[in-house]
Structure formats: C-alpha cells, structure tokens
Amino acid sequence: MQVPLWLALIVVGYLGVKLIRPPAWLVAVLLLGGFLLAESVLAPAIDNFLK
C-alpha cells in the first residue's frame with residue numbers, strides 16, 4: 001500500500017498534537033522554522049548532513 005507523503009505527514013501531525021498536546025506556539029515555531037530553513041542557503045548543508 002502506498003500512501004502519499006503529504007497524507008502521512010497530516011496524519012502523524014494530527015495524532016501528535018492530539019496525543020502529546022504541545023503548546024500552539026511550539027507547533028507554529030516548528031512549522032515556520034522548517035519552512036524558512038528549507039528556503040534558506042543552509043538547505044544544502046542540512047540536506048547533506050541528513051543523508
């Protein structure tokens with residue numbers, strides 16, 4: 001069974017918020033930080049580090 005990545009991320013994110021109940025500001029900071037890092041000049045360095 002193949003599940004699209006966006007669907008898997010939505011499900012994992014929803015379950016994480018429902019079960020762990022992190023503060024809303026923490027969720028916003030992680031989402032905004034990830035978006036900004038993906039578009040920054042650090043993206044290639046992070047990509048190489050994760051591989």
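1. R21 sits in the loop between α1 and α2, the latter covering 24-38. Bear in mind that this is a predicted model. R21 counts as exposed because its relative accessible area is 61%, and the cut-off for that label is over 50%.

2. The backbone at R21 deserves a look. Its phi is positive, about 55 degrees, although R21 is not a glycine.

3. How far apart are the C-alpha atoms of R21 and W6? They are separated by 21 Å, with the two residues 15 apart along the chain. W6 also turns up in the nonpolar surface patch, which brings me to the next point.

4. That patch comes to about 1,200 Å² of nonpolar surface.

5. Is M1 buried or exposed? Its relative accessibility is 96%, so M1 counts as exposed.

6. Now the pockets. The largest pocket holds about 170 Å³ of space. Which residues line it? The lining is made up of L9, V12, G13 and V17. By class, that gives 3 nonpolar residues and 1 polar one, with no charged residues.

Note on methods. Residues are numbered from 1 along each chain as its sequence is written. This is a predicted model: local features need pLDDT of at least 70, side-chain atom pairs count only at pLDDT 80 or more; totals for chains, interfaces and linings use all residues. Side-chain values use heavy atoms; hydrogens and water are left out. Patches are made of residues with over 30% relative accessible area and no salt bridge: like charges are joined within 9 Å, nonpolar side chains (Val, Leu, Ile, Met, Phe, Trp, Tyr) within 5 Å. Accessible areas come from the Shrake-Rupley method with a 1.4 Å probe; for residues, only the protein chains shown count as cover. A salt bridge is a side-chain nitrogen of Lys or Arg within 4 Å of a carboxyl oxygen of Asp or Glu. Buried means under 20% relative accessible area, exposed over 50%, partly exposed in between (1.4 Å probe, protein chains only). On a 1 Å grid over the protein atoms alone, a cavity is a set of points where a 1.4 Å probe fits but cannot get out, and a pocket is an open set with protein on both sides within 12 Å along at least five of seven lines; lining residues have an atom within 4 Å of a point. Grid points are joined across faces, edges and corners, and a volume is the space filled by probe spheres set on the points. Ala, Val, Leu, Ile, Met, Phe, Trp, Tyr, Cys and Pro count as nonpolar, Asp, Glu, Lys and Arg as charged, and the others, Gly among them, as polar. Helices (H or I, at least four residues) and strands (E, at least two) are DSSP runs, numbered from the N terminus.
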